[in-house]
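Good morning, and thank you for coming. Today I shall present the sheet of one structure and then follow a few of its strands. Please look at the sequence and the model now.

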Amino acid sequence: MGKFVIKEVKTGIKFDLKAGNGEVIATSEVYTTEAACRNGIESVQKNAPIAAVEDQTKEGYATEKNPKFEVYKDKAGEFRFRLTAKNGQIIATGEGYKSLAGCLNGIEFIKKNAPEADVVKAEA
């Protein structure tokens, strides 16, 4: 079971979606208010379970409609994903994975666990 952890950073407030072992599976942009951050979490909870997976690492990949998980390779050659809402806005991004399978496992975790995940504030 995962949990969303809201935490303050120098420039505002963000969330991390963590697995049961404490590993960060996805992170958000930095929001200006806690209310906006909580809205971002709600958007992930609503969109993740219905989001298609668009594998941009494959040649000639099919473009999916939003919401979707976009899977891509970063400059370091690692697999990453970003979750976009229905309006196309990025609402969460993944860590770098060495393998495509690992990246897809991270997406499956979010699809399965985000809707029921607890929301907690980080200890200061």
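Eight strands form an open sheet with mixed pairing, in the order E4-E5-E6-E7-E3-E2-E1-E8. Strands here are DSSP runs (E, at least two residues), numbered from the N terminus, and two strands pair if DSSP finds at least two bridges between them. The edges are strand E4 (52-55) and strand E8 (118-121); each has a single partner strand, so one side of each is left without a neighbour in the sheet. On average, neighbouring strands of this sheet are turned by 25° against each other, direction ignored; the axes are lines fitted to C-alpha atoms, with angles from 0 to 180 degrees between N-to-C directions.

This is a predicted model, in which local features need pLDDT of at least 70 and side-chain atom pairs count only at pLDDT 80 or more, while totals for chains, interfaces and linings use all residues. Residues are numbered from 1 along each chain as its sequence is written, and side-chain values use heavy atoms, without hydrogens and water.

Let us turn to E3. How many bridges join strand E2 to strand E3? Three bridges join E2 (residues 12-18) to E3 (residues 24-27), and the two run antiparallel. Asp 16 has Thr 27 as its bridge partner in E3, and Lys 18 stands opposite Val 24. Five residues lie between the strands of this hairpin, where Gly 22 takes a positive phi near 90°.

E3 also pairs with strand E7 (residues 90-94), antiparallel, over two bridges. There, Thr 27 has Thr 93 as its bridge partner.

How values were computed. Helix = DSSP H or I, 4+ residues; strand = E, 2+ residues; numbered from the N terminus.
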